[in-house]
Amino acid sequence: MVEIRFHGRGGQGTVVASKVLADALAKEGNYVQAYPEFGVERRGAPVFAFIRIDDKPIYDKSRIYEPDHVVVVDPTLVEAIDVTEGLKDGGVIIINSDKKPEEFKIYKIFRVATVNATGIAVKHKLGTLVAPIVNTAIVGGVVKILNLTKLESLLAAIKEGVPLKPEANMAAAKEAYEKAEKVL
Amino acid sequence: MKKVIMGNHALSWGAQLGRAQVIAAYPITPQTQVVELLSEMCASGALDAKFIKVESEHSAMAACIAASLAGARTFTATSAQGLTLMHELLHWASGGRMPVVMGNINRAMAPGWSIWADQNDSLSQRDTGWIQFYCSSNQEVLDMVIQAFKVSEALLIPSMVVLDAFAISHTYEVVDIPDQDKVDSYLPPFNPPVRLTPSDPHAFGGLTSPEHYFELRYKLQKDMEKVPALVEETGREYEKLFGRYLGQVENYRCDDADLIFVSSGTAGYTARVAVDELREAGIKAGNLRIKLFRPFPFEKVRQILIKAKKVAVVDRNISYGHGGIFYQEVKSALYGYDHNLPVFGFITGLGGRDVTPGTFKEIAQHALAKEKAEEDIIWVGVKR
């Protein structure tokens, strides 16, 4: 079983990111369980989404407290909250950032990877310059870095599950998949 | 067709595949997506049903009752304050023998204002004459809605399909969505013996003197008593077509168990994880998950529990002044059959406090350490 926690801010599509990833994983026959933070979301406030992945049915319906990996959709959260809370030793922190993984030296016992999802989203005109929609790009990076699914499964999931600009979203995911900076 | 869908949409899909003809509902967190998708299905024509917008849950149930009386298959969904606002009409639906099917998302009752899961909303409707099914996964929600139409319409008793807030309602899982043709072969159109129609006028719900009322209630109870056998039968038929058995209870590793948990809802699945971990540690644990709460499956519960050395009932609800509601039911199922079997009653997870495998292990530790229950309520995870 693999458990991943996503950190984002309300309005960035963090929950959609976990849903798209779940779709891609299900296409390859995995069992998945994806859920948002249990509660009310506010635009701009820190939000969470979670995903459990297994090759057999998942019976644990409790929340995830000790994820294997975390994904930081909004880089400003790195300084705002402790994104490593409960993260297992050796876990990967995937950060949406144009920096190199080496520049995040604060995380000594964890591995860091980066993907410039914001830059990619802006390039593909997803959302606006001020509020780009980065979810499909970040998932492209996540899938590559954690070796979760084939790129084709993710692209198919985006095509079926993302109603607005599916082509641009697929292109963003593909570019992120190709450009993700690998784990330190 | 396998699809990743949220639990709320599993209710909507169940209603669509069941070919609901009239839907009247009022949105409430955490149920809203059920109604959103159903209204889209009605608007797009994917579901050939009349969607009635109403100003309250009381009106939603009133509209469902009237539609059911006219011979339409009806569906609604609600949660917590919405369900309790329907209370008067829940009696009306069952007393009038209208087989409405309703999804209820278990949400704690306010105040304190809460949108998170516990079972007090649906369990406080225990005596309204509705059949109640409790689900543990998105798949089970979809399957249960289809079966509920079949059971309800055969006996003319309404059904509630109950699921936890967030842990099911907002959680995405892979769901096998059955083929419409197969569902149609399982669930024929609703065809009540008497209906409200101008061509054959009847009066319904009129003044009923002491000469007749008693017999109406006797008949409702007699038909309620038929539910367990019918649930077995319709469950087996469903299994033949779709490969999934619904039934009254789930027996997970109970047959040789010394300690059996009794649980329901999502906690009833999480319990399985704890059972496996306890067994690895050498403790013979099992889990009896209650899927059918009304009528209570007394016989099944008795058959399974009677072989245990200890029983730990885990309630995510409370009857103030008494204790856990499933605990009461389990004790009454065993009364007169085994006076020596220690039955412990635990209350946990109220208002959405998480119920984890660790919660069950803590419960096991308590039950294993004591000869018998020393108090009516054993609180787990409460801050005091």
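Helix 11 of chain B crosses helix 14 of chain B in a right-handed sense. This is a predicted model, and that crossing is a handy place to start looking around. The two helices, helix 11 and helix 14 (residues 357-369) of chain B, pack at an angle of about 55°, and their axes are 8 Å apart. Because of that angle, helix 11 of chain B counts as oblique to helix 14 of chain B. If you want to pick out the touching residues, helix 11 of chain B brings B:T270, B:A271, B:V273, B:A274, B:E277 and B:L278, while helix 14 of chain B brings B:P357, B:F360, B:K361 and B:A364. Sorted by class, the residues of this contact are seven nonpolar, one polar and two charged.

Now zoom out a bit. Chain B comes in two domains: domain 1 covers 2-241 and domain 2 covers 249-379. Their C-alpha centres lie 28 Å apart. Where they touch, domain 1 of chain B puts in 26 residues and domain 2 of chain B puts in 22 residues. On the domain 1 side, helix 6 (120-123), strand 6 (131-134) and helix 10 (227-242) of chain B each supply at least two residues. Which of these elements gives the most to that side? Strand 6 of chain B does, with four residues. Taken by class, the domain 1 side of this contact has 15 nonpolar, seven polar and four charged residues.

Next, the sheets. One of them is an open sheet of six strands in chain B, running 9-11-10-13-14-15 with mixed pairing. Strand 9 (249-252) and strand 15 (378-379) of chain B sit at its edges with a single partner strand each, so each has one side without a neighbour in the sheet. At the strand 9 end, strand 9 of chain B pairs with strand 11 (residues 285-290) of chain B in the antiparallel sense, over four bridges. To get your bearings there, find B:E250, which stands opposite B:R289 in strand 11 of chain B. A helix lies across this set of strands too: helix 13 (residues 325-334) of chain B lies across strand 10 (259-263), strand 11, strand 13 (310-315) and strand 14 (343-347) of chain B. Helix 13 of chain B runs at about 150° to strand 13 of chain B.

The other sheet to look at is an open one of seven strands in chain B, with the order 3-2-4-5-7-6-12 and, again, mixed pairing. Here the edges belong to strand 3 (50-53) and strand 12 (292-294) of chain B; each has a single partner strand, so one side of each is left without a neighbour in the sheet. From one strand to the next, the twist averages 20°. Inside that order, strand 5 (residues 101-106) and strand 7 (residues 159-164) of chain B pair in the parallel sense over six bridges. One of the landmarks is B:N106, whose bridge partner in strand 7 of chain B is B:D164.

There's another helix pair worth a look. Helix 1 (residues 7-17) and helix 7 (residues 138-155) of chain B pack at an angle of about 25°, with axes 8 Å apart. At that angle, helix 1 of chain B is roughly parallel to helix 7 of chain B. Helix 1 of chain B passes helix 7 of chain B in a right-handed crossing. The contact uses B:G7, B:A10, B:L11, B:W13, B:G14, B:A15 and B:L17 from helix 1 of chain B, together with B:N138, B:V141, B:L142, B:V145 and B:I146 from helix 7 of chain B. What classes do these residues fall into? Nine are nonpolar, three are polar and none is charged.

Last stop: the contact between the chains, which takes 20 residues from chain B and 16 residues from chain A. On the chain B side, strand 1 (2-6), strand 8 (172-176) and helix 11 (267-280) of chain B are the elements that give two or more residues. Helix 11 of chain B, where this walk began, gives the most to that side, with four residues. By class, the chain B side has 10 nonpolar, six polar and four charged residues. There's strand pairing between the chains as well: strand 2 (residues 31-36) of chain A and strand 8 of chain B pair in the antiparallel sense over two bridges. To find the spot, look for A:Q33, which stands opposite B:E173 in strand 8 of chain B.

Note on methods
Residues are numbered from 1 along each chain as its sequence is written. Chains are lettered from A and ligands numbered from 1 in the order in which they are written. This is a predicted model: local features need pLDDT of at least 70, side-chain atom pairs count only at pLDDT 80 or more; totals for chains, interfaces and linings use all residues. Axes are lines fitted to C-alpha atoms, for helices over the stretch in contact, and angles run from 0 to 180 degrees between N-to-C directions. Angles under 35 degrees count as roughly parallel, over 145 as roughly antiparallel, 65 to 115 as roughly perpendicular and the rest as oblique. A crossing is left-handed if the near helix is turned anticlockwise from the far one by less than a right angle, and right-handed if clockwise. Two residues are in contact if their C-beta atoms, placed from the backbone, lie within 7 Å. Ala, Val, Leu, Ile, Met, Phe, Trp, Tyr, Cys and Pro count as nonpolar, Asp, Glu, Lys and Arg as charged, and the others, Gly among them, as polar. Two strands pair if DSSP finds at least two bridges between them. Domain bounds come from an automatic or database domain assignment.
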